[in-house]
Amino acid sequence: MKDKNCGYCMRGELLEKFGIYICDLEVSTLILFKEQSKRGRCIVAYKDHVSEIVDISDEERNKFFADVNRAAKAIHKVFKPNKLNYGAYGDTGCHLHIHLCPKYKDGDEWGGTFTMNPGKVFLTDEEYAQMIEQIKAAL
């Protein structure tokens, strides 16, 4: 099931407003978050347009969290954060997804409250491409 107004479902211009497609995983899509104040921040979005984790079977949930784990391992390998936070939000975009937010002791917000989209750090196309290649190689 897809929603024509959802960037996770439709990709293209809707996704490009906030993220860059990296690859498909077993039951989800891995996306690089464009705002990179948390270097390596990604999103794992479930393949279908469902709102809640309870909307999928136990088997699909287990596969989804295996995808989250796979992406988390790649982020740890490539970016070596001091902590990786996991955020499951969706008040406005009701598509099951998890934000993987690396935190660094010498970075902004260490020990503080997480800001969803601080709008501080955007990269060049080449820098995004390099990050994506590093993540793909680590998967």
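Student: Which helix and which strand each supply at least two residues of the lining of the largest pocket?

Tutor: In this predicted model, helix H1 (7–10) and strand E5 (97–103) each supply at least two residues of that lining. The lining of the largest pocket counts 22 residues, and Tyr8, Phe18, Thr92, Gly93 and His97 are the ones that lie nearest the pocket's centre. The space in this pocket comes to about 440 Å³.

Student: How do the residues of the lining divide into nonpolar, polar and charged?

Tutor: Nine are nonpolar, 10 are polar and three are charged.

Student: Why is H3 called oblique to H4?

Tutor: Helix H3 (residues 58–79) and helix H4 (residues 125–138) pack at an angle of about 120°, with their axes 8 Å apart. Roughly perpendicular ends at 115 degrees and roughly antiparallel begins over 145, so H3 is oblique to H4.

Student: What makes the contact of H3 with H4?

Tutor: On H3 the contact is made by Ala74, Lys77, Val78 and Phe79, and on H4 by Met131, Gln134, Ile135 and Ala138. Of the residues in this contact, six are nonpolar, one is polar and one is charged.

Conventions
Residues are numbered from 1 along each chain as its sequence is written. This is a predicted model: local features need pLDDT of at least 70, side-chain atom pairs count only at pLDDT 80 or more; totals for chains, interfaces and linings use all residues. Side-chain values use heavy atoms; hydrogens and water are left out. On a 1 Å grid over the protein atoms alone, a cavity is a set of points where a 1.4 Å probe fits but cannot get out, and a pocket is an open set with protein on both sides within 12 Å along at least five of seven lines; lining residues have an atom within 4 Å of a point. Grid points are joined across faces, edges and corners, and a volume is the space filled by probe spheres set on the points. Helices (H or I, at least four residues) and strands (E, at least two) are DSSP runs, numbered from the N terminus. Ala, Val, Leu, Ile, Met, Phe, Trp, Tyr, Cys and Pro count as nonpolar, Asp, Glu, Lys and Arg as charged, and the others, Gly among them, as polar. Axes are lines fitted to C-alpha atoms, for helices over the stretch in contact, and angles run from 0 to 180 degrees between N-to-C directions. Angles under 35 degrees count as roughly parallel, over 145 as roughly antiparallel, 65 to 115 as roughly perpendicular and the rest as oblique. Contact means heavy atoms within 4.5 Å.
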